[in-house]
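Visitor: I would like to learn how to read a protein structure step by step. May we go through this one together?

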Amino acid sequence: MTPVVEIAWTHIVSKPKQTIVAMLGVTFGIGMFIALVSLMTGLNQFTEDVTMTSSPDIHIYNDITRERKSIVDELNPAGINLVHHQKPKVETTKLRNALQVVEIIRKDPRVSGVAPTLSSQVFYNFGPIQLNGQILGVDILEEDKLFDIRSRLKSGRLEDLKSNPDGILVGTGLARKLSAATGDRVVITTPQGYTMTLKIVGTFQMGIGAVDNVRAYANIATVQTILQQDQTYITDINIKLHDRLQAKKIAPEYETMFQYKAEDWETANATFLTGVTIRNIITWSVSVTLLIVAGFGIYNILTMTIYNKMKDIAILKAMGFAGTDVRLIFMFQSLVIGFAGGLMGLIIGYILSWLISKAPFEGGDIVSLDHFPVNFDPMYYVIGIAFGVLTTAFAGYTPSRKASRVDPIEIIRGQ
């Protein structure tokens, strides 16, 4: 052990209370950083997984609310046309040649899966009460390739729906509202007044209350029958890509090619993505602030130590120690406090994160969540210890630089 290290170590162990207080500052900062960033990123990852896995990368549909040119505009495109109280065109949400469009998209090498869908608002009859809901007519096996419905089943099998023309898969929230279970029958009424009795062949849980409380799946032919439509009646086409980040570029191509609205997942979930960005900014701001506050604590303690050690520093320099040696003594103290405090902070942070992950959480009808989601990504622990050591190094640099410039003659004269 060199004299510099030996002197620095003596300073550390001779004032244990002061050293422990400095370490606790770093420990608290890194521990809270780990717990906070693990919880917030875990929540973000959970909501992102639930949202992204239940929505397509590109959604093609007939946007009947889109503004269109009036007949007058088409007849007189160069003139100034003014039409008061223009009424919307009477049309359905049907996609023309939907099955041909599906086959064209399926041949695109950028596409991993495509599924035609028929959606409609319906009423679920629960005694004298009618509950608002939504029914999706799908090829359940194709839909499973896109949204992994099989893993979300709570009862029944996908094959039961495929083989049963009167079958229906309902969300767990909707089943609870209807007091129904697998094997029961439920009466569905369309807004046009058509009624049909379907048998519940299974239940699913997506994890989002807005879906589980209202949605049901049936075969496309079944929903076409309910709506009194022909076999070509398709209202939506859902697409999954090999690279989801290409959706914003591919969607306009499909919109131009098929002349229907093609909405990418970023546009459809713009509000959600904005919320994720804001939460990440707040999380990292608070976490970095905690570490900086811990660094200021070390700065204050080392500054006070140097003032208390002025006589010792003067004697060391009078004995021949250079300013660089004195600076190394205090930098060594700072790094030891930062590293030891950082290691304890990692342990505390992991324990806090584990306790949070075991805390029960009642999501109610909003989300399907029993415990707080926590992200135990090792990268956060690497960032915590690295940032903690760097913060303490910067905090110790200024006091150690000041100590290296002490003039021993002035100190001894002052005594």
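Predicted model: local features only at pLDDT ≥ 70, side-chain atom pairs only at ≥ 80, totals over all residues.

Visitor: Which residues are the closest to the centre of the largest pocket, and how much space lies in it?

Guide: The lining of the largest pocket is made of 27 residues. The closest to its centre are Ser54, Ser55, Pro56, Val211 and Arg215. The space in the largest pocket is about 600 Å³.

Visitor: Which element gives the largest share of the lining of the largest pocket?

Guide: Several elements each supply at least two residues of this lining, among them strand 2 (111-126), helix 5 (140-147) and strand 8 (215-219). The largest share amounts to four residues, and the element that gives it is helix 2.

Visitor: Is alanine 98 buried or exposed?

Guide: Alanine 98 belongs to helix 4 (residues 98-106). The limit for a buried residue is under 20% relative accessible area. Alanine 98 has a value of 4%, and it is therefore buried.

Visitor: How far apart are the C-alpha atoms of alanine 98 and threonine 232?

Guide: Along the chain, alanine 98 and threonine 232 are 134 residues apart.

Visitor: How many salt bridges does a search of the whole structure find?

Guide: Side chains of opposite charge can pair when their charged atoms come close. A search of the whole structure for such salt bridges gives a total of ten.

Visitor: Which parts does the salt bridge between aspartate 139 and lysine 162 tie together?

Guide: In this salt bridge, the closest N and O atoms of aspartate 139 and lysine 162 are 3.0 Å apart. Because aspartate 139 lies in a loop and lysine 162 in a helix, the pair ties together parts that are 23 residues apart in sequence. Aspartate 139 counts as partly exposed at 25% relative accessibility, and lysine 162 counts as partly exposed at 41%. The parts in question are the loop between strand 3 and helix 5, and helix 6 (residues 158-163).

Visitor: What is the N to O distance in the salt bridge of aspartate 144 and arginine 150?

Guide: Aspartate 144 counts as buried, with 15% relative accessibility. Arginine 150, at 39%, counts as partly exposed. Their side chains meet in a salt bridge with an N to O distance of 3.8 Å.

Visitor: Where does glutamine 259 lie, and what is its phi?

Guide: Most residues other than glycine have a negative phi. Glutamine 259 is found in the loop between helix 10 (247-258) and strand 10, and it is exposed, with a relative accessible area of 57%. Its phi is positive, with a value near 60°.

Visitor: In which loop does glutamine 228 lie?

Guide: Glutamine 228 is not a glycine, although it has a positive phi of about 60°. Its place is the loop between helix 9 (220-226) and strand 9.

Note on methods:
Residues numbered from 1 in each chain as written. Heavy atoms only, no water. 1 Å grid on protein atoms, 1.4 Å probe; cavity = no way out; pocket = protein on both sides within 12 Å on 5 of 7 lines; lining within 4 Å. Points joined across faces, edges and corners; volume = space filled by probe spheres on them. Buried < 20%, exposed > 50% of the residue type's maximum accessible area, 1.4 Å probe, protein only. Salt bridge = Lys/Arg side-chain N within 4 Å of Asp/Glu carboxyl O.
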